[in-house]
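Take a look at the two chains below.

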Amino acid sequence: DGGITQSPKYLFRKEGQNVTLSCEQNLNHDAMYWYRQDPGQGLRLIYYSQIVNDFQKGDIAEGYSVSREKKESFPLTVTSAQKNPTAFYLCASSPGQGSYEQYFGPGTRLTVT
Amino acid sequence: GQQVMQIPQYQHVQEGEDFTTYCNSSTTLSNIQWYKQRPGGHPVFLIQLVKSGEVKKQKRLTFQFGEAKKNSSLHITATQTTDVGTYFCAGQGSGTYKYIFGTGTRLKVLA
């Protein structure tokens, strides 16, 4: 888990506002991932990126957007189009190139009212 | 699409009892990973299994990957209170970089 930071830990927004969640890693990992976790549920993949300037949609990408302009950073924007944005958001990274164990950040708990 | 299910959803055991969680995929997997998430925390990588029929041990934890590479199990011998948390499997399908997480098994250990 060390080397991946997510900020802030808690985030509150009003409905209709876009919000960007930060994810930074200093592990020199190629791959980065965003997951959403709802209470008592598993992790669902939102977006993932194997290399800089490239990313793919996961299983629940609607209402979210990402960018991967730098290897260390993979910010996630929760747009107003996301119908149920309140959740625990987890960012992860993995070395890539055949090594895919994922290292998770501490997460951001987003509440939209 | 690929689905990964875990059973049981919850398990309460007395300290010292054994515990097993099972993971089943709808498709053949390239490899499978296991993670542990403590209450209020984030998932922590435990292990990755790649070969058909593979068995790996970490102290009191034993991980198995099925012969058909569609199922896996995690067995904990003589549980301790420190084992409390939710255990997730995550399977990678062939030809993809992404992992599909199972629904998780929440373990409570009663002292």
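The paragraphs below go through these topics in turn.

This is a predicted model, in which local features need pLDDT of at least 70 and side-chain atom pairs count only at pLDDT 80 or more, while totals for chains, interfaces and linings use all residues. Residues are numbered from 1 along each chain as its sequence is written, chains are lettered from A and ligands numbered from 1 in the order in which they are written, and side-chain values use heavy atoms, with hydrogens and water left out.

Start where the chains meet. Here 20 residues of chain A are in contact with 19 residues of chain B (contact means heavy atoms within 4.5 Å). The area buried between chain A and chain B is about 1,700 Å². Buried area is the accessible area, with a 1.4 Å probe, that two parts lose on being put together, summed over both. Carbon and sulfur atoms give 57% of it. On the chain A side, Leu43(A), Tyr100(A) and Gln102(A) lose the most area to chain B. Together they account for 28% of what that side buries.

Now the pockets. The search runs on a 1 Å grid over the protein atoms alone; a pocket is an open set of points with protein on both sides within 12 Å along at least five of seven lines, unlike a cavity, where a 1.4 Å probe fits but cannot get out. Lining residues have an atom within 4 Å of a point. Points are joined across faces, edges and corners, and a volume is the space filled by probe spheres set on them.

The largest pocket has a volume of about 490 Å³. Its lining counts 27 residues. Nearest its centre lie Gln37(A), Gly40(A), Gln37(B), Thr86(B) and Arg106(B). Both chains supply strands: β9 (87-94) and β11 (108-112) of chain A, and β9 (85-93) and β11 (105-110) of chain B, each give at least two lining residues. Strands (E, at least two residues) are DSSP runs, numbered from the N terminus. By class, this lining has 9 nonpolar, 13 polar and 5 charged residues. Ala, Val, Leu, Ile, Met, Phe, Trp, Tyr, Cys and Pro count as nonpolar, Asp, Glu, Lys and Arg as charged, and the others, Gly among them, as polar.

The second largest pocket has a volume of about 290 Å³. It is lined by 16 residues, with Leu43(A), Arg44(A), Ile100(B), Phe101(B) and Thr103(B) nearest its centre. Two or more lining residues come from each of β5 (43-51) of chain A and β1 (4-7) and β10 (99-101) of chain B. Its lining has 7 nonpolar, 6 polar and 3 charged residues.

Next, the covalent links. There are 2 disulfides over all chains (cysteine sulfur pairs within 2.5 Å). Cys23(A) joins Cys91(A), S to S 1.9 Å. Cys23(A) lies in β3 (residues 19-25) and Cys91(A) in β9 of chain A, so the pair ties together parts that are 68 residues apart in sequence. This link is left-handed, with -70 degrees about the S-S bond. Cys23(A) is buried at 1% relative accessible area, and Cys91(A) is buried at 0%. Buried means under 20%, with a 1.4 Å probe and protein chains only.

In chain B, Cys23(B) joins Cys89(B), S to S 2.0 Å. Cys23(B) sits in β3 (residues 19-25) and Cys89(B) in β9 of chain B, so parts 66 residues apart in sequence are tied together. This link is right-handed, with 75 degrees about the S-S bond. Cys23(B) and Cys89(B) are buried.

Finally, Ser73(B) is found in strand β8 (residues 71-76) of chain B. Is Ser73(B) buried or exposed? Ser73(B) is buried, with a relative accessible area of 12%. Not counting residues up to four places away in sequence, Ser73(B) touches Thr20(B), Thr21(B), Tyr22(B), Trp34(B), Thr62(B), Phe63(B) and Gln64(B).

Key: Helix = DSSP H or I, 4+ residues; strand = E, 2+ residues; numbered from the N terminus. Buried < 20%, exposed > 50% of the residue type's maximum accessible area, 1.4 Å probe, protein only.
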